Structure formats: structure tokens, C-alpha cells
Amino acid sequence: MSQTLHPTRRRSLRLAALVITGVAVSGISLPSASADGYQRISGEGSSWAANAIDAMRVNVRQFGITVDYNPSGSSAGRKNYLNGTVDFAASDIPFQFNPQDGSAPENPAPGSYAYMPVTAGGTAFMYNLIINGKRVTNLRLSGENVSKIFTGVITQWNDPAIQADNPGLVMPARTVVPVVRSDGSGSTAQFTLWMIDRFPAIWNAYCKVSGRAPACGDTSFYPTVPGMISQSGDLGIAGYVSQGFAEGAIGYVNYSYALGSQFPVAKVLNAGGYYTEPTPQNVAVSLLQAQINTDSSNPQKYLTQNLTGVYTDTDPRSYQLSSYSYMILPTVVAGQFNLDKGKTLGAFSYYAMCQAQQDSASLGYSPMPLNLVQAGFEQIRKIPGVVVQDIDITTCKNPAFGPDGTNLLAQNAPQPLACDKQGIATQCPNGTAGLANVPTAVSGGGGATGGGATGGGAATGGGAATGGGATGGGATGGGATGGGAATGGGATGGGATGGGATGGTATTIAGGAATGGGAATGDTTGQICDADTGICGGGGASAGGATAGGASAGGGASVGAVLPTTLTQSSGWTASLTLVLLVIALVLALILAPAIAWRYFSNKSTA
């Protein structure tokens, strides 16, 4: 089953996903825009990496470099590179010499290409789910449940297995609609490789049901069954999932697309027992466990990745579906590629490995670590026609590493919040990805093991039940000492009108820590978060004070949260009565004024 978005919608989503930041010019010597000698070059391939590549090609225009790029999918990119119709390709996986899915082998000429890892990121599960009229932003899924969703085993959002992942939510009885790639996709290959490695029985059973057996290995072409939606490219999946009619849908895209379309992604359970999302920091941590082939004598394998160690990493910050995407660079003159184009491609590649990495995190990607930047420079030297540059790596100002090569991004990555740990009685309310600043109300005492003291939302632990005080400010599971006690969000702060407007109107999650809406632990979105409960807020009486959530000292409504303003019964009645009286007065004036005027002038003329 396939549905196509209107072209205007697709273009708008692409622009939303592409966040172009300022160009930091350092490290690489690039000529001015008036320089001669650059021929227009073209590339094709990965849509997973497209937002990063688009940012690069837009930013190099100032240097007189023009790069065309078609995000047709990794398979099409590799195919057209082999056909000689593009100058470079981008792919999330290497050439497939022995594909396991029955597709034709790819046989590039030996010594004709080189892989250059160009960006890192996470394959995220963007979803569209609403509970009681409120968009869910904090969904959690185990890897097993992800696999069961995308193999048709789990078909309802209120399946007990999904409910177990989300103890703070009451999952709706709504059909799950998996959205998969219709084109040959490197992200599909990475996704299926992960399922085969972690949940082989689930994948093999699905392979048979879908009619793909016996070719049940990893594949770039996702096998489908009734009930699934197929879309072309990350853009197509993100565009479908974000539509109003697509409630219940979930699809896999690069994290950057969820940021750009302002939608959440599921936190996925890792081997360390925490639910995490693929932030740039978490991806950097995860890829410390990637095995990079360092045999430079074998171009078929050099710099390719083995991600088995990423899948099993027990670091609490890791995200299992983290990976690299590559540029495939020509090392011989062939097809439409010539020496002049090699000069342009070389300059673009140097930019991609250095300055462009400064912008990666703002786009939702993770900057390249030191070893791959250095290896990338050596790969660029192999491009025919390149103007070779000897670069001082410390001038790159890559945020991933310091002058001594330390992976700063991984080293400084924050630990997950305690309420993101598997097995506690509730879950973090914090939103993710494009809705990171919009929390979702949770039940269960505002924290349980993850919300303060062990056992459940202790005295200063945080918000009350279902919406920061739903229906009475802590009645169910969030009472006096359970989820918003006297100093945090209880008493008058988490009461009937205190814990999220009248009756706990969803998204305020108001019972934060005593003063300021949470301890001074900053997360990556710039919010102020309580290290235990995960409740993020701006503090301050006006944001989350007496009537909006917590005590008057500032229970801390979340930054960016939707704060509904609800008229009290008396004020609403007064406003309505005033409006009615005003309308009556106007109607009477319109009716009586002409009659009085006519009578007055008639009497005057008679006299």
C-alpha cells in the first residue's frame, strides 16, 4: 500500500528538516566565490544523510562550488554511480557484492572507488499518536516491540507489551500503522540487519509470512504485508507520519527528519536497561563500540563498519540503531567524471570533513570522531584532480574532539534520567526530538524509582498523577507524599487547579522540585531539568507557579509546553452574560433608532 504526499507538502517538510546554520570558516583553505576552475558536480543516494549533505552543498556555494544531490536512496545512488551518471554517491551501506535478499550483486571495478564516512546519526522511530486529545511525546519501546511492530506481530497500540514499556501512559485502542521504505534504502538495510542480529526468530518468521523466504538476510528493500504503508525516502516516511490523517502511524527515519518536522521519536530500550533517543551525544557514545575496518589494502572493506558492539553496548546513554553514512568517491577518471570535477569534489569533500562537522549536531547528526576525519583526509587524496591539502586537524574546530583527540561529545554526553530506566512504576514526561520541549502527562506517582527516592515519587519527587494533579491534584498515585508533596507540586501547588489547569490539563507536568521547577541540571534542549524525575521546566512563578503547577515558588511548567488557560466557572459566566447584554443592546439600537427618527421627523413636518 502506498500513498503519495502533495509535492508542496513534501517540499515544505524538506525545508523544515533542513536547518542551515552559519558557516564557520576555519581549517580548510577554500577560495573566494569569484575563483575559477570549479565544475558543477552531481551526487545521488542516501536520503538518511540528505539533510546533512544538503546543508553542506548550500554552504559551499559561497566558494563558487555547485553540488547537485538527489536523495533517491542508497541503492539508486550506488547503481547510478556504477553507471557513471553521477560523480559521487552517498550510501548508508557499502557495495553489495553478495546480497542476501536475492537482489543482483554490485560489482564496481577494483580500485575505482573509496569510502569516506561523512556523517553519523541514529535511525529513529517517528510516530503520530494522540491520547485523550493530546499528542504523545514520550513514547518508549523495547527493541523486541519495535521488531514486532515492523513485522506485523503487534497491531494495536494498547498491546500489553507496549503498555509495559509505558507504565505512565494509558495506551489507546488504536491500530498501529508501520510506515516503511518503498525504495532501496541503506537505512532499511541497517534496520533489518539490527533485527536479524537481535531478534532473528521474529525476523525469520516475518520473512516467511511476507513471501521473501528463503532470502531472509538483511535487505535494502523492505518486505511488506497488508496494513503497512510504503513511502519513498526518509522525506516520504516523515511526510506521511506527520499528516493529520496518519494517527497511529510509526516509521523509521534519520533523527534529523523528526527534528525538522517537529515530531517526536520513540525512546528505544538499550542493553544498559535505559530508554534513549538518538541525540548527537548518545550516537557519539554508541559509535565508540563500532568496529571500523582499518585494512587500507582492501578498498572493499576499508572504513566500513561492524555495528554488533553498538547493539550490545551496556552504556546507559547508548542508542542501538546508531551508524555512519558514507560518500563513495571516485579514484579513477571514468564516465562523466573528469579531473576538473575531481578538483571540485575534493574541495567539497574537505569541507564536508571539517567545517561541515561543526553544524552536524544542530541538524540532528553526530560529528565525525578524530580517527575518521583523519582517515577521510587520506581518502580524499585518492580523488583524481584533487588539490591536496595538508590540514592541521586542530584547526577544524570539530565539536566531537579536542586538540588531544579526546572524543568530547561522547565524554560529555549526559547520563539518562532515572525515570528512563526500565522497570520503574512510571516514565519520564519529557518530550523527544522535534517536540523535546512539550512533555506528556504521566501517571504513577511522578517518578517511582526514577522520580526521586526509590519506590515512587517521594516527598520532593515531582508531579502528581496523570497531568500534574489531574482530577484533584494528586488523587490517584500522586498524593501528598507520593507525587508532589508539600514543597514540590502538592498542597496548593498540585491541587485541583494547580497541577495543570482545571483537572490536570495534560501538558504542564507541574509538580517539579521545590523552587525553580527542578534542580539545575541542564539537558541538551536548554531546559532546566530535575536529575531524578526528568521534569524539565523554566521555573519561576509565572511559568509554573501557584495556579499553573507547583507551589508559588515555581513548580516549573516545562519550557515550550502548551499551557492551556481555562476560565473559572464564575469568570466564564460573567464574560458570557456581558457579551449577551451587549448583543441585545446593539440589536435594540438598530431596530428602535430608525423608528424614533422617522416619528420625530414626521411630527415635525406635520407641525
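**View 1. Three disulfides in a predicted model.** The structure holds 3 disulfides, a disulfide being a pair of cysteine sulfur atoms within 2.5 Å. This is a predicted model: local features need pLDDT of at least 70, side-chain atom pairs count only at pLDDT 80 or more, and totals for chains, interfaces and linings use all residues. Residues are numbered from 1 along each chain as its sequence is written, and side-chain values use heavy atoms, with hydrogens and water left out.

**View 2. The link of cysteine 207 and cysteine 216.** Cysteine 207 and cysteine 216 form a disulfide, with 2.1 Å between their sulfur atoms. The link is left-handed, at -90° about the S-S bond. Cysteine 207 and cysteine 216 are both buried. Buried means under 20% relative accessible area, exposed means over 50%, and partly exposed lies in between (1.4 Å probe, protein chains only).

**View 3. The link of cysteine 354 and cysteine 396.** The sulfur atoms of cysteine 354 and cysteine 396 are 1.8 Å apart and form a disulfide. The torsion about this S-S bond is about -130°, so the disulfide is left-handed. Cysteine 354 lies in the loop between helix 12 (339–353) and helix 13 (360–363), and cysteine 396 lies in the loop between helix 14 and helix 15, so the pair ties together parts that are 42 residues apart in sequence. Helices (H or I, at least four residues) and strands (E, at least two) are DSSP runs, numbered from the N terminus. Both cysteine 354 and cysteine 396 are buried.

**View 4. The link of cysteine 419 and cysteine 428.** Cysteine 419 and cysteine 428 form a disulfide, and their sulfur atoms are 1.9 Å apart. The S-S torsion of cysteine 419 and cysteine 428 is about 95°, so this disulfide is right-handed. Cysteine 419 counts as buried because its relative accessibility is 1%. Cysteine 428 counts as buried at 1% relative accessibility.

**View 5. Lysine 397 in its loop.** Lysine 397 is found in the loop between helix 14 (370–380) and helix 15 (408–411). Lysine 397 is not a glycine, yet has a positive phi of about 55°. Its relative accessibility is 59%, so lysine 397 counts as exposed.

**View 6. Asparagine 132 between two strands.** Asparagine 132 lies in the loop between strand 5 (130–131) and strand 6 (134–135). Phi is positive here too, at about 50°, although asparagine 132 is not a glycine. Asparagine 132 is exposed, because its relative accessible area is 76%.

View 7. The bond from alanine 213 to proline 214 is cis, with omega near 10°. Proline 214 lies in the loop between helix 7 (200–209) and strand 9 (229–231).

**View 8. Isoleucine 196 and its contacts.** Isoleucine 196 lies in helix 6. At 24% relative accessibility, isoleucine 196 counts as partly exposed. Leaving aside residues up to four places away in sequence, isoleucine 196 touches Trp203, Cys216, Gly217 and Asp218. Contact means heavy atoms within 4.5 Å. From isoleucine 196 to serine 147, the C-alpha to C-alpha distance is 9.6 Å, and the two are 49 residues apart in sequence.

**View 9. The second largest pocket.** About 690 Å³ of space lies in the second largest pocket. Of the 23 residues that line this pocket, Pro94, Gln96, Leu193, Lys301 and Gln305 are the closest to its centre. On a 1 Å grid over the protein atoms alone, a pocket is an open set of points where a 1.4 Å probe fits, with protein on both sides within 12 Å along at least five of seven lines; lining residues have an atom within 4 Å of a point. Grid points are joined across faces, edges and corners, and a volume is the space filled by probe spheres set on the points. Helix 6 (186–198), strand 14 (305–306) and helix 11 (308–311) each supply at least two lining residues. The largest share, 4 residues, comes from helix 6. By class, the lining has 9 nonpolar, 10 polar and 4 charged residues. Ala, Val, Leu, Ile, Met, Phe, Trp, Tyr, Cys and Pro count as nonpolar, Asp, Glu, Lys and Arg as charged, and the others, Gly among them, as polar.

**View 10. Nonpolar cores.** The largest nonpolar core has 109 residues, and Phe125, Phe150, Phe191 and Tyr222 touch the most other members. A nonpolar core is a set of buried Ala, Val, Leu, Ile, Met, Phe, Trp, Tyr and Cys residues joined through side-chain atoms within 4.5 Å. A second, separate core of 8 residues includes Tyr81, Val86, Phe95 and Tyr115. Not counting residues up to four places away in sequence, phenylalanine 150 touches several residues, among them Phe125, Phe191, Tyr222, Met228 and Ile250.
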